[in-house]
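Student: Could you take me closely through one part of this structure, the open sheet, and then say what surrounds the ligand?

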Amino acid sequence: MRITVLAGGVGGARFLRGVRAAAGPDDAITAIVNTGDDLTLAGLRVCPDLDSILYALAGVNDVERGWGRRDESERASEEMAAWGVGWPWFTLGDRDLGTCITRSHWLAEGVGLAEVVRRLASRWELGVELLPMSEQSVETHVHTAEHGRMHFQEWWVRHRASVPAERFELAGIETATPAPGVLAAIAEADIVLLAPSNPVVSIGPILAVPGIGEALRATAAPVVGLSPIIGGRVVRGMADACLSAIGVATSAEAVARHYGAELLDGWLVDPADAGAAAEGVRVLARPLLFTSVDETAAIARDAIALGLGRG
Ligand code: GDP
Ligand code: CA
């Protein structure tokens with residue numbers, strides 16, 4: 001079976017570890033990963049969601065902190081801060097900087113981002129093919145009344161999403177094209193899964209790349225999403241601040257309606273949201289907390305079964 005997953009960073013990574021555990025030896029998993037929160041910092045190209053997934057699948061991520069590499073030090077960032085270079089509130093560990101330097105070097109040599117990701121991933125047996133949504137730069141900016149326009153990371157990390165957002169802008173989206181392999185991964189999939197990643201700033205940018213939404217609506221594969229909202233609350237993080245900015249309620253039902261029946265064939269919700277309904281979408285309620293890799297694998301199997309009509 002060919003399983004294609006749309007994913008953001010940490011939530012997407014947790015889900016992908018379960019999908020990988022659920023898959024059999026003949027299954028092939030491809031992840032189409034958000035690059036909308038990428039940025040250039042101190043001359044380096046930083047891809048937070050791609051790296052979160054890379055590190056988590058490789059088993060080298062910092063589980064406690066929730067981001068970056070484990071066994072990490074921050075000496076390079078301390079030096080940069082002393083010179084006033086970079087963002088003091090956006091610390092990159094030394095190992096993490098090693099990834100960013102390597103990526104920036106290859107990009108400067110003219111290597112496309114998809115090939116850069118392939119080279120970075122080839123260091124480990126990930127069991128998942130990682131594809132950036134696009135090779136062109138698409139940067140999420142947040143418009144606020146209080147502080148004007150800022151990069152998504154400044155709003156998310158520096159302000160902890162506490163400054164009310166008026167709207168999100170995807171700079172560069174009009175001219176972005178799907179990265180090599182993305183459209184084929186959707187067209188040739190047996191099942192497409194939407195990770196319970198942030199619907200606005202993780203899944204949203206992927207769907208907004210010209211051609212990707214159309215491919216998802218055209219594919220013969222069923223498309224099944226998982227709710228990031230459990231019992232009317234985001235499980236981890238601050239996705240509610242993003243949803244309210246685009247006028248979507250923090251509920252499993254509202255997120256399903258936001259994605260819409262044109263996109264979704266199935267929608268997995270937690271029993272706490274069992275009443276959630278969206279016309280034209282098959283809804284299945286089952287516990288959706290990723291408490292362990294085994295449990296996440298069981299969730300992934302149920303999502304696949306729902307899509308293939310066996311749920
Ligand atoms: P980011 O890019 O690192 O912010 O991560 P993602 O966008 O991929 O994922 C963040 C989302 O994952 C949040 O909105 C959470 O609601 C959701 N999430 C995190 N853990 C779980 C879980 O155990 N179950 C479900 N259903 N959703 C989760
Ligand atoms: Ca992200």
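Tutor: Two strands are taken to pair if DSSP finds at least two bridges between them, and with that criterion in hand the sheet of this predicted model can be read strand by strand. Strand β6, residues 139–144, is joined to β8 by six bridges, and these two strands run antiparallel; within β8, Ala 171 is the residue that stands opposite Glu 139. The sheet to which they belong is open and is formed by three strands in the order β7-β6-β8, with antiparallel pairing. Because β7 (148–151) and β8 (165–171) stand at the edges and each has a single partner strand, one side of each is left without a neighbour in the sheet. Neighbouring strands here are turned against each other by 25 degrees on average, direction ignored.

Turning to the ligand, 19 residues surround ligand 1, and the closest are Ser 197, Ser 202, Pro 228, Arg 236 and Leu 288. By class this shell has nine nonpolar, eight polar and two charged residues, and helix α1 (residues 10–22) contributes its largest share, three residues. As for individual atom pairs, an oxygen atom of ligand 1 lies 3.1 Å from an N or O atom in the side chain of Asp 49, an oxygen atom of the ligand is 2.9 Å from a backbone N or O atom of Pro 196, and a nitrogen atom of ligand 1 is 2.9 Å from a polar backbone atom of Ser 227. Of the 600 Å² that ligand 1 exposes when taken alone, the protein buries 91%.

How values were computed: Residues are numbered from 1 along each chain as its sequence is written. Chains are lettered from A and ligands numbered from 1 in the order in which they are written. This is a predicted model: local features need pLDDT of at least 70, side-chain atom pairs count only at pLDDT 80 or more; totals for chains, interfaces and linings use all residues. Side-chain values use heavy atoms; hydrogens and water are left out. A residue is near a molecule or strand if one of its heavy atoms lies within 4 Å of it. A polar contact is a pair of N or O atoms within 3.5 Å; within protein, one must be able to donate a hydrogen and the other to accept it, and residues adjacent in sequence count only if both atoms are side-chain atoms. Accessible areas come from the Shrake-Rupley method with a 1.4 Å probe; for residues, only the protein chains shown count as cover. Helices (H or I, at least four residues) and strands (E, at least two) are DSSP runs, numbered from the N terminus. Ala, Val, Leu, Ile, Met, Phe, Trp, Tyr, Cys and Pro count as nonpolar, Asp, Glu, Lys and Arg as charged, and the others, Gly among them, as polar. Axes are lines fitted to C-alpha atoms, for helices over the stretch in contact, and angles run from 0 to 180 degrees between N-to-C directions.
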